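Let's take a walk through this protein together, one piece at a time. Have a look at the sequence and the fold, and then we'll start with a single residue.

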Amino acid sequence: MIIRRQTREICIGNVRIGNNQPVAVQSMTNTDTRDVAATLAQIERLAAAGCELIRLAVPDLEAASALRAIRDAISIPLIADIHFDSRLAVAAMENGAQAIRINPGNLGGSAKLARVVAAAKLHGVPIRVGVNSGSIEKDLLKTYGYPTAENPQSLIESALRNVRLIEDLGFHEMKISIKSSDVLTTVGGYQKLSKLTDYPLHLGVTEAGGLIAGTVKSSVALGILLSQGIGDTFRISLTRDPVEEIRVAFELLRSLKIRERGPELISCPTCGRTRIDLFSLAEKVEQYVQTMKTPLKVAVMGCAVNGPGEAREADIGIAGGHGVGIIFKKGEIYKKISEDQLLEVFLAELQKMEDERQKS
Ligand code: SF4
């Protein structure tokens, strides 16, 4: 069982973070924030996939103004991502941002930071202090060197220095992130940081890569940290449709038995016994279960000879054959269906199971 690290608690909108609250899944839109319709459409898809916190880039005042209409139309809390310009942070909060992500050191000085913190107090908005390997102050790099797995100190000092700047202004509603694109630096950095502060931590591997590289890097780094009870919110960062980030995030949480959402898909790798197009079948079933909420085990297996037995623990499954497939439940054959009807009948059975479990 994973013992979560004790932290103080903050709230972003209606999502409570830290202090043993569920680890929250975050993503970031990649639409132009000024394009309200496109951004809303993407957030809707992300929320349907399970995204619980959404961050939006705010590169100019027009984007900050667009937050109002976006915030009013969505059901998950909105975080504004700000770089360099304190006016954008203030404008984002005036337009309904429920949290802001800043690097306090790059806002242009203490007076500007004070204005941002005053606005955060006024609007009751928490701040994520987000530093990364590329934003570390020169003096810290000189003292501690570039962050590495063995010595992530400059990254940690940079975060804590920026946290102190905000604490000195009498503000404590914060979470912290220290991002690196290197897996072991990420792990080492967060492990050390978690012992030095009780603020909630947001985890992520920055610039992790495309679907495969990004999934592997993020899952290794975040999997180690989450399994050690470190991390209160996280983002799987992929060069991809952000909905994929949410799918990976929940698979990661499920694999560590931290949280479950929707069905778990089990599918065999296929072998010489496979007589159906299992890749396409598995893909279609995977797509279908994305919006389901019940944590069922669903199996898609290549053959009726071994499939039901190999996937005995599945609540429901299909297995292919020679023109005829079977639907099975807990390893027992439930129905035989001609191959051309197999997917349709299976999805109907799956939906029936979901409806029954949701009712009970
Ligand atoms: S379930 Fe059948 S097709 Fe799939 S790997 Fe096992 S034996 Fe091969």
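Gln-228 counts as partly exposed, because it has 16 C-beta neighbours inside 10 Å. For that label, 20 or more other C-beta atoms within 10 Å of a residue's own make it buried, 12 or fewer make it exposed, and anything in between is partly exposed, with the C-beta atoms placed from the backbone. You'll find Gln-228 in the loop that runs between α8 (211-227) and β10 (233-234). Helices here are DSSP runs of H or I with at least four residues, strands are runs of E with at least two, and both are numbered from the N terminus. Gln-228 sits 226 residues from Ile-2 in sequence, yet their C-alpha atoms are 6.6 Å apart in space.

A word on what you're looking at: this is a predicted model, where local features need pLDDT of at least 70, side-chain atom pairs count only at pLDDT 80 or more, and totals for chains, interfaces and linings use all residues. Residue numbers start from 1 along each chain as its sequence is written.

Now hop over to Leu-67, in helix α2 (residues 61-73). Leu-67 has 24 C-beta neighbours inside 10 Å, so it counts as buried. Leaving out residues up to four places away in sequence, Leu-67 touches several others, including Leu-56, Leu-78, Ala-80 and Ala-92; touching, or contact, means C-beta atoms, placed from the backbone, within 7 Å.

Ala-92 leads us to the largest nonpolar core, which has 74 residues; Ala-92, Ala-97 and Ile-100 have the most contacts inside it. Such a core is a set of buried Ala, Val, Leu, Ile, Met, Phe, Trp, Tyr and Cys residues joined through C-beta atoms within 7 Å. Another core lies apart from that one, with 22 residues, among them Val-285, Ala-299, Val-300 and Leu-350.

Let's step back. The protein is split into domain 1 (10-255) and domain 2 (264-359), with bounds from an automatic or database domain assignment. Their C-alpha centres lie 38 Å apart.

Around it are residues including Cys-268, Cys-271, Cys-303 and Glu-310, where being near means a C-beta atom, placed from the backbone, within 6 Å.

As a whole, the protein has 12 helices and 15 strands. Its C-alpha trace spans about 75 × 45 × 35 Å along the principal axes. Of its 360 residues, 44% count as buried.

Methods
Contact = placed C-beta atoms within 7 Å.
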